[in-house]
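This briefing is for a reader who has not seen the structure before. Look over the sequence and the model first, then read the notes below.

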Amino acid sequence: MVAIATFMADNPYSYGKAGSRMKTLYIYIKPHLRVMLLQFVVKFGGTIIELLLPWMLSTILDDIVPSGNMKKVYLWGGLMVLCSIFALLGNVIANRMSTKTSKKIIGKLRHDLFKKVSALSCRQTDTFTLPSLISRMTSDTYNAHQLVDRMQRLGVRAPILLLGGIIVTMLIEPVLTLVLIGTLPLLGLVIWYVSRKGIPMYTEAQSSLDKLVNKVQENMTGVRVIKALSKSEYEKGKFDEVNLELAKKEQRAGMLMALTNPAMNLLLNIGLTLVIVVGAFRVHGGFALPGKIIAFLSYFTIILNALMMVSRLFLIYTKGAASAKRIAEVLEAPEDIMTGDRDHKPGDYHIEFRDVCFSYNKIRSNILNLSFCIKRGETLGIIGPTGSGKSTIIQLLLRFYDPDAGEIRISGDKLSGIPPEELHGKFGVVFQNDFLYEDTIYENIDFGRMLSEKQIKKAAVTAQAAEFIAERQNGFQDILAVKGANLSGGQKQRILIARALAGNPEILILDDSSSALDYKTDAELRKMLKRDFSDTTTVIVAQRVSSIMYADKILVLDDAQVIGYGTHKELLFSCESYKEIYRVQMGVVG
Ligand code: ATP
Ligand code: MG
């Protein structure tokens with residue numbers, strides 16, 4: 001857990017207590033504020049110039065054209081073209097700058113999110129659930145990206161056009177502006193209502209998306225078994241259910257959001273009609289010039305567009321804020337498993353479990369009063385029915401979870417006092433259902449540890465993998481398919497064992513990882529392990545008695561409890577269940 005601690009300490013973006021959803025984004029935006037300010041100035045300049053165009057038009061119509069001076073008409077016309085070019089350039093440059101900035105901001109956010117997700121404890125991962133973490137890293141960061149990007153563009157442009165438009169219209173036609181201002185509170189009300197209702201709706205839709213991701217993931221992973229059991233139709237039905245739920249929620253949120261544009265259009269068109277009516281009376285009465293009314297109508301359109309942008313911004317904000325909250329929840333997740341003070345107790349044992357109790361859900365025990373001790377270089381075999389807690393012992397030994405009671409020590413050091421890098425560096429592990437990458441066999445064994453070729457080849461020999469690797473077309477450079485699909489079950493297990501051995505671990509853990517090996521290869525593997533890794537303490541979890549019967553100590557588990565502990569010979573006398581398993585599996589009569 002030092003990794004998380006260091007990450008938290010070194011990282012200026014990390015914080016301890018839960019903050020507002022926007023605080024998370026702001027922390028990432030802060031380092032870019034100066035560039036954003038420059039961007040703001042460019043955008044501001046471009047937008048102000050854009051805002052001046054209708055005013056220039058009204059001056060040409062009302063003052064320049066009636067004077068009959070063609071030179072002046074060309075001059076003002078040229079000036080307008082120039083201003084349009086500047087406005088365009090300003091907008092393009094600022095947009096390009098904002099694209100770069102938001103890419104950097106979200107890149108960093110995504111990087112930290114990934115780092116944090118990798119550092120989450122197993123308990124936290126269980127709580128968030130895997131699909132939810134995936135959608136937080138993908139669709140939620142996309143929404144946050146939209147938010148940051150659009151806020152820099154529309155967020156600057158829209159208020160300037162809106163406020164600037166109102167100010168200019170006030171200057172050229174104060175009476176007509178009152179009509180315009182009269183409609184604004186109503187528009188504000190629409191935006192407020194829609195965003196207040198919309199945020200919870202989008203949060204709900206996002207959690208439905210989690211479910212959908214989960215379903216897709218399950219289906220993709222289990223596609224073969226689904227086909228084999230002819231469950232495709234059943235699974236399709238289940239998928240449709242989740243899909244429909246998501247569609248309904250998206251639809252509800254979308255329907256609400258769809259209210260905004262027509263409602264605003266209606267209000268603005270009513271305003272526009274009023275402007276034309278009042279304007280006509282004013283021109284007729286000689287209080288206003290026609291050019292001013294034309295400019296006013298242009299400003300009215302600009303203001304209308306600005307308001308549309310604001311409503312679009314609200315939609316993006318609504319989605320982005322809901323996503324920012326979900327991202328913040330992960331980033332702000334407190335450190336779950338901390339490294340305490342070093343606690344060393346001298347002794348002879350390499351691995352010690354003393355009265356360890358553990359439960360995943362804190363309701364039903366998954367490990368109850370477990371105690372065992374093994375010396376360096378010894379082998380511990382663990383056997384028991386499925387669900388009895390064998391893999392849980394491994395999870396506790398690797399400190400993926402902390403025990404609820406009792407203590408675990410390695411070389412006399414209490415597990416909670418060993419920094420995670422140091423702790424995990426001691427292990428070579430093959431998990432039950434471990435996986436291979438789509439890469440060369442060599443890289444799959446090396447696993448990015450930059451091990452020497454000698455180490456890798458030695459590990460492959462011990463793991464009984466060298467022979468079949470040599471028979472492959474490109475040997476160690478042969479590329480494996482996704483999840484090692486182009487290998488047999490036993491070949492996969494042997495490469496995984498080679499991976500665990502290659503780092504020359506202090507403790508080797510094999511969780512049900514020789515189940516696909518034939519008896520002869522399995523026996524050969526054990527023989528080679530004894531010969532080449534005699535100093536390595538080994539924990540073997542197995543369903544087959546033959547895999548663990550030669551271990552120095554054997555632990556027999558049943559329903560979270562130890563029902564036998566000793567050597568094979570001892571257990572044949574003391575443990576009825578063990579004797580039964582042995583009798584059934586080895587075909588011993590009597
Ligand atoms: P198998 O031989 O099938 O691998 P096992 O002995 O390794 O079984 P464990 O994986 O240790 O069994 O599981 C023991 C119990 O803990 C099971 O009842 C299982 O449902 C539960 N369990 C395992 N992992 C979790 C988890 N992440 N959250 C909640 N319960 C869990
Ligand atoms: Mg298991």
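The notes cover the ligand site, the aromatic pairs and the charges placed over rings.

The model is predicted. Ligand 1 is surrounded by 14 residues, and the structure holds 11 aromatic pairs.

**Ligand 1**

- The shell around ligand 1 consists of 9 polar, 3 nonpolar and 2 charged residues.
- Helix H11, which spans residues 390-397, gives the most to this shell, with 3 residues.
- Ligand 1 taken alone exposes 640 Å², of which the protein buries 65%.

**Aromatic residues**

- Among the 11 aromatic pairs is a tilted one between Phe358 and Tyr401, with 5.5 Å from centre to centre and 50° between the planes.
- This pair links distant parts of the chain, 43 residues apart: Phe358 belongs to strand E1 (residues 349-358), and Tyr401 to the loop between H11 and strand E4 (405-410).
- Both Phe358 and Tyr401 are buried.
- Together with Tyr360, Phe358 and Tyr401 form one aromatic cluster.

**Charges over rings**

- Arg544 has its charged end over the ring of Tyr519, 4.5 Å from the ring centre.
- Lys458 has its charged end over the ring of Phe533, 4.8 Å from the ring centre.

Technical notes: Residues are numbered from 1 along each chain as its sequence is written. Chains are lettered from A and ligands numbered from 1 in the order in which they are written. This is a predicted model: local features need pLDDT of at least 70, side-chain atom pairs count only at pLDDT 80 or more; totals for chains, interfaces and linings use all residues. Side-chain values use heavy atoms; hydrogens and water are left out. A residue is near a molecule or strand if one of its heavy atoms lies within 4 Å of it. Accessible areas come from the Shrake-Rupley method with a 1.4 Å probe; for residues, only the protein chains shown count as cover. Helices (H or I, at least four residues) and strands (E, at least two) are DSSP runs, numbered from the N terminus. Ala, Val, Leu, Ile, Met, Phe, Trp, Tyr, Cys and Pro count as nonpolar, Asp, Glu, Lys and Arg as charged, and the others, Gly among them, as polar. Rings of Phe, Tyr and Trp (its six-membered ring) pair if their centres lie within 6.5 Å; planes under 30 degrees apart count as stacked, over 60 as edge-to-face and the rest as tilted. Buried means under 20% relative accessible area, exposed over 50%, partly exposed in between (1.4 Å probe, protein chains only). A charge sits over a ring if NZ of Lys or CZ of Arg is within 6 Å of the ring centre and within 35 degrees of the ring normal.
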